[in-house]
Amino acid sequence: MNDAQRITGVLSPVVTPFKADLSPDADRFVRQCRWLLSQNVGLAVFGTNSEANSLSVEEKIELLERLVGAGLDPARMMPGTGCCALTDSVRLTAHAVKLGCGGALMLPPFYYKGVSDEGLYRNFAEIIERVGDERLQLYLYHIPPVSQVAITLGLIDRLLSKYPGIVAGVKDSSGDWNNTKAMLDNFAKGGFDVFAGSEVFLLDNMRNGGKGCITATGNINPGPIANVYKNWRSAEADKLQAGISATRKIVQKQPMIPALKAAVAHFGNDAPWKTCRPPLVELTSAQEEELIRDLKAAGFSMPGLV
């Protein structure tokens, strides 16, 4: 296990821009990712807020290659590679490893509900075996409010026993601090890296042995969130945490993905960013007006975006 090469800090599940014909807009995607890196935030591309499950395997591969081809550091990327089809997960994960990505964030196969830990273990184990590359750093993605398929403590323990050093960590998007704390208490001291799924829990996560957060609002508020990570031991930490939690509260009053895109469009003066791929739709005019009004009233800005 090479902890020195592990990803830490704040990562953003980067929103995916689409052209008028609903194809991914690679140029805008590269620009957004470059801006996030300049704000000290890593790239969890193809996460939930990336509309990842509205993208094909081929589209994800092409976008990932465009990022690396544009000179962005793959060591700061943790692409989402978990799919319902085992072979799709293998293909995406192997490609991410080949490109030098620092990690792969893996959803469980989420279509079938009520599956056993045994079935999930076989899924993850088969992917690891088929990828067959010791460079793989696999991060489990626990998001039961969406997937309705849980990553249990027992499953984590079994995977760590079989694949130490490859099963690197977890993103906990349960929204339940007690669950995150249980993951930290059971596994963090053994080198298992726990990322909170929202910046609301960032300071608590760091104080209990976590490694950072992977958060939707990292797309639009990256600098202040990264500042909490950088200064979590300081006397100002609680005040800084309160600030980013307040911004999160404003954004999540609206549907999250179109709200993030609306903010990027407004503060980046780039209206095409609003476009969502069906079945998601853009904010209504009233929702957008409320979002931008509330953000401006809170003194919010996105420095360096334009």
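Select L37 to begin: this residue lies in helix α1, residues 26–38. Helices here are DSSP runs of H or I with at least four residues, strands are runs of E with at least two, and both are numbered from the N terminus. The model is a predicted one, in which local features need pLDDT of at least 70 and side-chain atom pairs count only at pLDDT 80 or more, while totals for chains, interfaces and linings use all residues. Residues are numbered from 1 along each chain as its sequence is written, and side-chain values use heavy atoms, with hydrogens and water left out.

**Stop 1: helix α1**

Is L37 buried or exposed? L37 counts as buried, because its relative accessibility is 13%. Buried means under 20% relative accessible area, exposed means over 50%, and partly exposed is in between (1.4 Å probe, protein chains only). Now show what surrounds L37. Not counting residues up to four places away in sequence, L37 touches G42, L43, L72 and R76. A contact means heavy atoms within 4.5 Å. Draw a distance from L37 to A26: the two are eleven residues apart in sequence, and their C-alpha atoms are 16 Å apart.

Select R34 next, also in helix α1. R34 has 41% relative accessibility, so this residue counts as partly exposed. With residues up to four places away in sequence set aside, R34 touches A70 and L72.

**Stop 2**

Switch to a cartoon view and colour the strands. In what order do the seven strands of the open sheet stand? The order is β2-β1-β7-β6-β5-β4-β3, and the pairing is parallel. Two strands pair if DSSP finds at least two bridges between them. At the edges are β2 (42–43) and β3 (104–106); each has a single partner strand, so one side of each is left without a neighbour in the sheet.

Select β5, residues 167–172. Six of its six residues are buried. On one side, β5 pairs with β4 (residues 138–142) in the parallel sense over five bridges. Click on L140, which stands opposite V170 in β5. Then turn to β6, which runs parallel to β5 and is joined to it by four bridges. Here V170 stands opposite V194 in β6.

Move on to β6 (residues 193–196) and β7 (residues 212–214), which pair in the parallel sense over two bridges. Which residue of β7 is the bridge partner of A196? The partner is C213.

**Stop 3: the loop between α11 and α12**

Select the loop between α11 (256–267) and α12 (285–297), where P279 is found. The peptide bond from P278 to P279 is cis, with omega near 15°. Most residues other than glycine have a negative phi, and most peptide bonds are trans.

N269 is in the loop between α11 and α12 as well. Its phi is near 50°, a positive value in a residue other than glycine. N269 counts as exposed because its relative accessibility is 69%.

Select D270, which also has its place in the loop between α11 and α12. D270 is buried, with a relative accessible area of 15%. Leaving aside neighbours within four places in sequence, D270 is in contact with R28, R31 and A265.

**Stop 4: Q148**

Go to the loop between α5 (144–147) and α6 (153–162) and select Q148. Q148 is not a glycine, yet its phi is positive, about 60°. At 54% relative accessibility, Q148 counts as exposed.

**Last stop: the whole protein**

Zoom out. The protein has twelve helices and seven strands. Its radius of gyration is 18 Å, close to the 19 Å that the globule rule gives for 306 residues, so the protein is as compact as a globular protein of that length. This radius is taken over C-alpha atoms, and the globule rule is 2.2 Å times the number of residues to the power 0.38. The C-alpha atoms fill a box of roughly 50 × 50 × 40 Å along the principal axes.

Colour by burial: buried residues make up 55% of the 306 residues. Among contacts between residues at least 6 apart in sequence, 74% join residues at least 24 apart.
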